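Q: Could you take me through this structure, please? I am new to it.

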Amino acid sequence: RSTQVAGLTSPWEISKPMSGVAYVADAALGLVPVDLSTPASPKIGTPVAVSQGSPLHVAASDGYVYMSLGSAGVAIYETSDPMAPTLVATVPTGGSATMAWADEGLLWIADNEGVGVFDVSDPTQPKHQARELTEQFALAMFSEGTRGYVGDWNYMRILDLDLSAQAPHLEMPGDSFILDETGGDKLLSIQ
């Protein structure tokens, strides 16, 4: 059985649903809420247009949606009315934000040039915590608290955020993986 959701133009990414609503990063329409509480008849809400950038990725966490907008950074939306998200902040990244991930009050952003981490314990006032340039092209990521996992072109980087440091920074603990041209993996030790 398949149900088609009509009304989208160019959906790049779909978030995990929060309270029965998923959010779509649509390159043409912006942020689009979709009510999935009745899977046989999903309802599309009014799109929230973006004034700068192009929607590339969307993640939902703890009542907020984080949408990567390329060179315009990451837009943060509050979802107390799930079908009418409201923009509450924008986070400039310095690069082109391809993916954002929020977990345990931290927002991790892959922006092609590297990774930025922001304290979003109050998502309306994101606070810069750390930045790490990567060797390749940071495209994808996810995080678990103070640890981030970054797809850096043909590498996977594991970064730890040390909040106790005088100037918080990211470190690569131990090893990273590199894929060779045949698709096999090798272990690359980072000294």
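**A first look**

A: One place to begin is Trp 153, which is exposed, with a relative accessible area of 59%. Here buried means under 20% relative accessible area, exposed over 50%, and partly exposed in between, with a 1.4 Å probe and protein chains only. This is a predicted model, in which local features need pLDDT of at least 70 and side-chain atom pairs count only at pLDDT 80 or more, while totals for chains, interfaces and linings use all residues. Residues are numbered from 1 along each chain as its sequence is written, and side-chain values use heavy atoms, with hydrogens and water left out.

Q: How many helices and strands does the chain have?

A: The chain has zero helices and 17 strands. Both are DSSP runs numbered from the N terminus, helices being H or I with at least four residues and strands being E with at least two.

Q: What share of the residues is buried?

A: Of the 191 residues in the chain, 41% are buried.

Q: And what is the accessible surface of the chain?

A: It comes to about 9700 Å², and carbon and sulfur atoms account for 52% of that. Such areas come from the Shrake-Rupley method with a 1.4 Å probe; for residues, only the protein chains shown count as cover.

Q: How many aromatic pairs are found in the whole structure?

A: There are three aromatic pairs. Rings of Phe, Tyr and Trp (its six-membered ring) pair if their centres lie within 6.5 Å; planes under 30 degrees apart count as stacked, over 60 as edge-to-face and the rest as tilted. One of the pairs is Trp 101 with Phe 142, edge-to-face at 6.0 Å centre to centre, with 70° between the planes. This pair links distant parts of the chain, since Trp 101 is in strand 9 (residues 99–103) and Phe 142 in strand 12, 41 residues apart. Another is Phe 137 with Trp 153, also edge-to-face, at 5.8 Å and 90°. Ring pairs also link Trp 101, Phe 142 and Tyr 149 into a cluster.

Q: Changing topic, how many salt bridges does the structure hold?

A: It holds five salt bridges, each being a side-chain nitrogen of Lys or Arg within 4 Å of a carboxyl oxygen of Asp or Glu. Among them is Arg 131 with Glu 113, at 3.8 Å from N to O. Arg 131 lies in strand 12 and Glu 113 in strand 11 (residues 112–119), so the pair ties together parts 18 residues apart in sequence. Asp 111, Glu 113 and Arg 131 are linked in a network of salt bridges.

Q: Which residues does Arg 157 meet in salt bridges?

A: Arg 157 forms a salt bridge with Glu 135, the closest N and O atoms being 3.3 Å apart. The side chain of Arg 157 also meets that of Asp 152 in a salt bridge, at 3.3 Å from N to O.

Q: Is Arg 157 buried or exposed?

A: Arg 157 is buried, with a relative accessible area of 2%, and Asp 152 is buried as well. Glu 135 counts as exposed, at 54% relative accessibility.
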